[in-house]
Amino acid sequence: MAELSVAELQTKAPSRARRLSLRRRARPGEAVIRTILLGSGVLSIFTTVGIIVVLVSDALGFFLHPGVTLVKFFTDTVWAPEFGRYGILPLATATLITSLIALIIAVPLGLSAAIFLSEYASPRARGYLKPILELLAAIPTVVYGYFAVTFMTPLLRSIFGADVVDFYNMASAGIVMGFMIIPLVASVSEDALASVPRALREAALGLGATPLETSLRVVVPAATSGIAASIILAISRAFGETMIVLLAAGAGPNFTLNPFKAAETITGHIARISTGDISHEGMDFYSLFALGLVLFIMTLTLNLISRWFVKRFREVY
Amino acid sequence: MARSITEPTPQDFSAVELRGDASVRRRQVIARTGRGVLFFSLVLGLVALLTLFLNVFDKLGGYAVYAFKIDPLTITPSRPLEELSREELLALIEKHVPEDAKALIPEEYGAPLEELSNEDLVNILYNDTPSPETLTAKPLEALTREELIEVLQRNVTGTRFEQLQAERPLEQRTREELIELVEVEVLQRSVVWQWTLFESIFNRDAILAEIASRYPGSDYEFKWWLTPRFIASDQTTRPETTGLRPALLGSLLVVILSILFAVPIGVAAGIYLEEFAGKSRLGAIIQTNIYNLAGVPSIIYGMLGLAVFARALRDFTTGAAFGVPNPPPNGRTIITASLTMALLILPLIIVNTQEAIRAVPQALRDAALAVGATKWETVWHHVLPVAAPGILTGTILATARALGETAPLIVVGAAAYVTMDPQGIFSSYTVLPIQIYTWTKLPEQIFTRVASAAVVVLLVTVLAINLTAIILRNRLRKQI
């Protein structure tokens with residue numbers, strides 16, 4: 001419609017049409033739509049700002065409490081709000097141990113699976129296996145938690161003895177978390193390996209390298225940054241994982257390095273404390289946000305590093 | 001690498017070949033082993049995940065031994081002994097009084113059995129039988145449907161009776177169903193022990209022998225946990241009677257609402273970033289921000305929802321501002337959960353929308369713009385219709401994510417024990433994954449069996465949704 005009227009104007013009154021700048025057509029409708037679209041985009045910024053504001057302001061309520069100092073928060077080995085002890089160490093070590101176990105499982109398996117998929121599998125096999133990986137990545141984490149409690153824990157207890165392995169233990173949670181992360185590591189690494197130019201492989205094979213030498217000495221080094229990104233993403237995922245550790249790792253902070261003991265992670269603690277009828281004021285509530293802030297900073301840093309790796313890797317090819 | 005080039009002699013060739021032969025063979029062995037190891041890792045990963053599925057199915061059914069907590073005869077209708085005729089009393093004595101006690105009767109009452117008064121006969125029954133009250137009680141199987149319903153009404157709480165009526169009016173149920181209902185609800189027939197599915201299939205004879213020796217005379221059957229009754233029933237505190245309906249309806253409401261909130265905003269943001277932002281600074285900031293949001297742990301979204309929707313906006317999210325009576329405490333409502341979940345799936349929808357729009361050929365836009373369409377007309381009439389299937393795929397994936405996500409809803413306060421269906425958006429609620437979490441966490445082992453049925457429902461739904469999305473996407477790729 002609008003175009004028609006412009007055309008009419010041009011035929012009927014050429015002098016007026018000449019004054020009409022095509023650059024500055026008055027289209028209030030378009031401007032409104034554009035603003036709405038922009039607003040939707042900006043909403044995502046509000047989400048981030050919201051997360052930061054919420055975490056920081058409530059964490060301030062925690063850190064400004066007279067009984068809490070930053071030094072004690074990061075060095076005290078006891079987390080016992082009822083006694084005024086707020087040391088993040090027991091929760092942080094549990095997070096690190098479960099994540100470490102998960103990575104020990106997921107990185108070798110996921111990476112090997114990725115190399116096999118990208119370098120050895122026939123296109124037909126890859127066509128089936130890639131969607132399976134995606135499906136597996138979509139399994140809700142509470143299902144993995146169920147698996148940890150009903151399968152992995154009894155298995156560990158029957159292997160190592162019930163007196164060695166607690167009913168809730170970090171090993172079970174960590175191993176199952178590793179299974180959960182395999183598809184993530186495999187699919188991100190596979191993407192990285194697959195985007196290494198074919199010429200590199202052909203050159204190596206042409207010089208007489210075996211397929212394994214080509215994969216490990218040419219393709220994998222060429223995809224290092226993508227693979228590194230996948231591992232960093234996996235760490236970030238492990239830090240933030242909640243349901244598996246909440247179900248299997250333990251229901252109380254415990255400062256221990258023994259993976260067969262029960263210990264609560266940062267995420268597990270946040271989830272368990274907020275399950276009850278927690279009041280929306282008070283130190284219990286604020287302390288959760290302090291923990292959330294630490295978790296957010298850790299995962300955000302890891303994600304930024306991972307993004308940086310991916311960017312570098314994209315610039316190469 | 002760089003060597004001086006001299007004319008090779010025939011000896012040189014054979015030497016190279018020999019040396020090469022040995023090392024090439026070694027390298028090929030390594031290469032083959034390496035290939036084997038890589039393949040083994042892939043298989044190991046798949047086996048681990050297969051174990052997960054088998055473990056869930058293993059818990060789904062199996063031979064179960066039952067016990068009644070209450071003797072059936074104590075609850076069925078009975079007549080007082082005093083109202084019985086002489087013949088009935090004599091028959092009862094003949095049947096229930098032990099022989100040695102019978103022999104002592106003439107001595108104790110001063111006359112043979114046949115000459116005693118009715119009163120004395122009643123007294124004999126009261127004194128010489130173990131449970132005189134149940135002598136005239138009919139066995140459960142002999143009751144009529146009306147009597148069964150009456151037994152139910154007398155022995156379960158009023159609310160439970162209403163729940164059962166609401167599931168399906170008792171008058172419409174068959175006698176067998178009513179008997180089972182009485183057994184489960186009133187007599188508290190419960191599973192004492194259950195074997196796993198694979199044990200029950202592969203070790204059947206050993207299990208039946210063990211039942212005979214360890215639980216002689218007790219009731220046993222092959223019990224499945226995933227039944228239509230389980231899916232359609234309300235939640236209760238007992239594994240035998242509990243059901244999934246409130247959780248299913250809760251999940252349905254939360255997922256639909258969060259999709260309704262997130263899709264329009266997500267698609268709009270995706271359109272802005274791809275079609276309008278260009279290389280602007282703001283666009284770049286939003287883009288980076290979205291990638292970072294996608295990596296934020298889900299529990300952090302829960303904390304955002306807790307602080308903003310459940311606390312700051314409590315009056316709105318509980319409906320108190322709109323005059324809704326009896327709001328749930330702490331803003332634990334469906335609307336809080338949906339808004340939180342919407343924020344969580346927003347990045348997913350935006351990124352998928354962007355991908356779908358990026359895949360639309362530039363020629364379409366150029367053509368539309370060339371014939372004089374405005375920017376928005378181009379997007380609305382030409383880009384979006386082509387990108388729609390891709391956007392739909394993203395939406396489907398987001399649905400599956402919203403269905404399976406648990407941690408944020410724990411934080412914003414999905415209630416563990418909700419017996420009623422959700423009544424609306426301001427009602428308290430539970431969802432499928434929360435229900436699995438709660439049942440798994442309970443100390444009674446038998447609840448992990450109940451949880452397995454819920455896990456299967458969740459897994460099948462989530463995987464089916466994802467599979468649809470993957471198939472849809474692969475078709476699209478072929479078309480483009």
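How many residues from chain B and from chain A does the contact take? I looked this up before anything else.

**Entry: ground rules**

I note that this is a predicted model, in which local features need pLDDT of at least 70, side-chain atom pairs count only at pLDDT 80 or more, and totals for chains, interfaces and linings use all residues. Residues are numbered from 1 along each chain as its sequence is written, while chains are lettered from A and ligands numbered from 1 in the order in which they are written.

**Entry: where the chains touch**

I find 73 residues from chain B and 69 residues from chain A in the contact. Two residues are in contact if their C-beta atoms, placed from the backbone, lie within 7 Å. On the side of chain B that touches chain A, helix α1 (residues 10–58) of chain B gives the largest share, 18 residues. Helices (H or I, at least four residues) and strands (E, at least two) are DSSP runs, numbered from the N terminus. I sorted that side of chain B by residue type and got 50 nonpolar, 17 polar and 6 charged. Here Ala, Val, Leu, Ile, Met, Phe, Trp, Tyr, Cys and Pro count as nonpolar, Asp, Glu, Lys and Arg as charged, and the others, Gly among them, as polar.

**Entry: chain A**

I list 14 helices and 2 strands for chain A. Of its 317 residues, 48% are buried. A residue is buried if 20 or more other C-beta atoms lie within 10 Å of its own, exposed if 12 or fewer, and partly exposed in between, with C-beta atoms placed from the backbone. For chain A contacts between residues at least 6 apart in sequence, I note that 73% join residues at least 24 apart.

I then looked at one helix pair. Helix α5 (residues 89–120) of chain A packs with helix α8 (residues 170–194) of chain A at an angle of about 35°, and their axes are 5 Å apart. The axes are lines fitted to C-alpha atoms, for helices over the stretch in contact, and angles run from 0 to 180 degrees between N-to-C directions. The residues of this contact of α5(A) with α8(A) are 26 nonpolar, 6 polar and 2 charged.

I also checked Ile305(A), which sits in helix α14 (residues 283–316) of chain A. Ile305(A) counts as partly exposed because 16 other C-beta atoms lie within 10 Å. From Ile305(A) to Phe167(A), 138 residues away in sequence, the C-alpha distance is 36 Å.

**Entry: chain B**

I list 20 helices and 3 strands for chain B. Its C-alpha atoms fill a box of roughly 130 × 85 × 40 Å along the principal axes. Buried residues are 37% of the 480 in chain B.

Is Arg332(B) buried or exposed? Arg332(B) is buried, because 23 other C-beta atoms lie within 10 Å. I place Arg332(B) in the loop between α14 (314–317) and α15 (334–358) of chain B. Apart from neighbours within four places in sequence, Arg332(B) is in contact with Ala310(B), Gly413(B), Ala415(B) and Ser428(B). Lys59(B) is 273 residues from Arg332(B) along the chain, and their C-alpha atoms are separated by 32 Å.

Arg160(B) is partly exposed, since 16 C-beta neighbours lie inside 10 Å. Between the C-alpha atoms of Arg160(B) and Glu185(B), 25 residues apart along the chain, I note 9.1 Å.
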